[in-house]
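Hi,

Here is the structure I promised to pass along. Have a look first, and my notes follow below.

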Amino acid sequence: AAAARPRRVRRRNVVVLGKCGSGKSTVCNKLTGRDGNFIVGNTVQSCTHEAKHTEVSLAEENSDDEYHVRVIDTVGLFDRKINNDTIMDSIKAYFQEHVPEGISLILFVFRKGALSKEERETFDYLIKQFQSEISAISAMVITHCELEDSVARDRFVQSFQESKDSAKVAKFMGKGIVTVGFPNTEDCLPMVRQIIEAEMKKDMQKLRDLMLEGDDTLHLGKEIWQKSFWERCTIL
């Protein structure tokens, strides 16, 4: 028998940012395909208070590529209930230890709806300070869209892109905007559960495609070690 062709190993380091209750940890679980890796909760007490990651290997069908994926769930950026100086100290130490080579993708996770004042202010600062460094590797994931069909989701994204309060943010997302919904199906009837899980599978694939597409370039590998970079971050 012919020997199996060796797989090409490709690295993906994905950073996930968002407020407590936005669905951030759920998105991390869906990216890794393992629902128990990141604790999901809707309160500040249950929210992620320190950065953590999970590593998985993913092999695509009909491909010689194998992806070594590290998904990093960060503390609650955009949440003024948590001291952002503490947040950035935690993220800095974590990045320097676990992803010194750099980052492939940054996902900003938000619940469906208008951005709050604090979210807009944080994005204004991000856009002003980090446009050239992270815009090209940034994407927005809008969660809690399970009650919307594809037409309604597209309509919401279009309104988000055109609104004066969020147009700059939408433009900042060089990797685009995706809408997802991952409801709890435990109490659903079997037939209903089957339909919902089929839709969730499509949303999981959208996240997976976003994570794996593109080349293998890693970004911010130099900036992670620069004091001036983190000084700009602590103002967030």
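**Around H144**

Leaving aside residues within four places in sequence, H144 is in contact with G21, S22, R111, K112, V180 and G181. Please keep in mind that this is a predicted model.

H144 sits in the loop that runs between β5 (138-143) and α4 (150-162). Its relative accessible area is 33%, so H144 counts as partly exposed. Two polar contacts involve its side chain: one of 3.1 Å to the side chain of R111, and one of 2.9 Å to the side chain of T143.

**Aromatic pairs**

I also searched the whole structure for aromatic pairs, and the search finds 5. One of them is F108 with F172: the ring centres are 6.5 Å apart and the planes meet at 65°, so this pair is edge-to-face. It links distant parts of the chain, as F108 belongs to strand β4 (residues 105-111) and F172 to helix α5 (residues 167-172), 64 residues apart. F108 and F172 are both buried.

F130 and F229 form another edge-to-face pair, at 5.5 Å centre to centre with 75° between the planes. Here too distant parts of the chain are linked: F130 is in helix α3 (residues 117-134) and F229 in helix α7 (residues 227-233), 99 residues apart. Both of these phenylalanines, F130 and F229, are buried.

Methods
Residues are numbered from 1 along each chain as its sequence is written. This is a predicted model: local features need pLDDT of at least 70, side-chain atom pairs count only at pLDDT 80 or more; totals for chains, interfaces and linings use all residues. Side-chain values use heavy atoms; hydrogens and water are left out. Helices (H or I, at least four residues) and strands (E, at least two) are DSSP runs, numbered from the N terminus. Buried means under 20% relative accessible area, exposed over 50%, partly exposed in between (1.4 Å probe, protein chains only). Contact means heavy atoms within 4.5 Å. A polar contact is a pair of N or O atoms within 3.5 Å; within protein, one must be able to donate a hydrogen and the other to accept it, and residues adjacent in sequence count only if both atoms are side-chain atoms. Rings of Phe, Tyr and Trp (its six-membered ring) pair if their centres lie within 6.5 Å; planes under 30 degrees apart count as stacked, over 60 as edge-to-face and the rest as tilted.
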